[in-house]
Amino acid sequence: MRQIFLKELQPYTIPELKEKLREVPDFESALKELQDRKILKKREDKRFSFEFVGVLIIKGLVVFCLPKFIEISDEQAVIKQLLILFREYSKRENLDQDDIESLGNVENNTNYNILSLIIYLISDYIENGLYSNEKSIHILMGENEINWQKTIDEFQPIFNGVTPFYLEYYTNATLQDEENYFRLLHQFVLNECTVILNRTGLQEYLGFEPVHFEVNDDVFGTPQDILSRIQNELNLQFVNRKQMVLKALHSFISREQMEQECLLISFYGTRKFEIVWEKTCSYILNNEYPELKKHIDKPNWITTTGITHQANTLIPDIISIYRSERNYFIISDAKYYFIMLTDRELRFQPGVEDITKQYLYQLAFTKYIQQNQMHEIRNVLLFPSEHNEVQQIGKVNIGFLQALQLEDILLIKLPAQKIFDLYIRNRRLNLKWFINNFLKNVPLEQDSLPSNASVEM
């Protein structure tokens, strides 16, 4: 299959899309389905933009949608890392409904998605192995617990007075059923998954080792026979992982009928990459907000009779604390903006409400900061960058709020690929290094994010 690279939110005209998707047999239907799936959006200027980051397969064509901040990086390397990131992210985070559909939910019967299904099946196999059922057997003179009933039924004892002695006995054991129908079916489907990944060229991007088993597919029967047997097995299985594998196998075997009923746009990625950016930053900066949220006052709604109701309160993105001779309290907000701030221009910046919220977060923690002797407060907006180094690009303030002796809000660009790498490897950013280089009142010379500064110290 041909592969093309597009960019999130970049506008495309109808002729441009027709040229890029020229292999797709029914362009109009593809356009409609992409819009129905909320992957492609029609803009006010009649052009279209992809609101998606990840991989799309549209009959005969593989489309990679890059994040909007990528301009000059190696496109293939970016996609490889993103696919690894999405696999890790889907295991560790609570996904919303949109991401459940696009990052591997095998129980979603509303929208068929072969690509996320394949990635789920191979990832699960790598982590948990093949589907298995155990058979109970009996071993003569084995080492496990003696099966007295079978021993008594089959052997004559020797008596010492009234006490029987058995010279031979059976013990209980369990054996993996290597010829189990569903184990063989699992092998067959994994073979098919590898074939599809090789045909689309996605094998090299996903980094999976090729999977191949010697399986005779004549033993399975018709697709309807297979689906019926899977349903029967589902009624007998109560182990969650086995149920998930069976449901995935059911979806995969159903694919031919599904492919005939729809255009089959398959995808793996997210429509909300800003949430991925927020959660990866939250992890690498060791977000302590869950432990500190009790210190933020809630709004009090008071009736005319004096009855008070409390409602939800402010929820800052990330709170990081670094304790040393001078304790630092850092309030960060991960903003997925491609901001341009130079001596000549300001473009693509967050709105004023994002600035005022940062001031409010500092005010909300005033009591905690005083009681816990936080000497230095830093308010920061974090933007993704495709460059290899952290960059402090400036700051922002609002005069009448600055007059309340609140901190200016620092503007920091983080190297997204290094941040994603830390998240994938379950590592943290070295807060001491980050503070010393970028959050001091007088910033030191900027430096690259060093590999030995990726762990908490």
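Let me begin with helix α18, where the cover over the buried residues includes strands β13 (318–322), β14 (328–334), β17 (376–385), β18 (391–396) and β19 (409–415). What we are looking at is a predicted model, in which local features need pLDDT of at least 70 and side-chain atom pairs count only at pLDDT 80 or more, while totals for chains, interfaces and linings use all residues. Residues are numbered from 1 along each chain as its sequence is written, and side-chain values use heavy atoms, with hydrogens and water left out.

A few terms before we go on: helices (H or I, at least four residues) and strands (E, at least two) are DSSP runs numbered from the N terminus, and contact means heavy atoms within 4.5 Å. Buried means under 20% relative accessible area, exposed means over 50%, and partly exposed lies in between, with a 1.4 Å probe and protein chains only.

With those words in hand, the protein chain has 18 helices and 19 strands, and buried residues make up 46% of its 457 residues. Among contacts in the chain with a separation of 6 or more, 72% come from residues 24 or more positions apart.

Returning to α18, which spans residues 431–439, seven of its nine residues are buried, namely L431, W433, F434, I435, N437, F438 and L439. At the start of this helix, a side-chain oxygen of N430 comes to within 3.0 Å of the backbone nitrogen of K432, which is a polar contact, that is, a pair of N or O atoms within 3.5 Å, where within protein one must be able to donate a hydrogen and the other to accept it, and residues adjacent in sequence count only if both atoms are side-chain atoms.

Just after α17, N426 takes a positive phi of about 55 degrees, and the buried residues of α17 itself pack against α3 (75–92), α12 (273–284), β17 and β19.

Now to a pair of helices. Two packed helices are described by the angle between their axes and the distance between the axes. Helix α5 (residues 114–128) and α10 pack at an angle of about 145 degrees, with their axes 10 Å apart; axes here are lines fitted to C-alpha atoms, for helices over the stretch in contact, and angles run from 0 to 180 degrees between N-to-C directions. The residues that meet include I114, L117 and Y120 in α5, and M244, V245 and F252 in α10. By class, this contact has ten nonpolar, two polar and two charged residues, where Ala, Val, Leu, Ile, Met, Phe, Trp, Tyr, Cys and Pro count as nonpolar, Asp, Glu, Lys and Arg as charged, and the others, Gly among them, as polar.

The side chain of S266 reaches the backbone nitrogen of I114 at 3.3 Å, and S266 counts as buried because its relative accessibility is 1%.

Finally, a contrasting place: K38, in the loop between α2 (27–36) and β2 (40–42), has a positive phi of about 60 degrees although it is not a glycine. K38 is exposed, because its relative accessible area is 58%.
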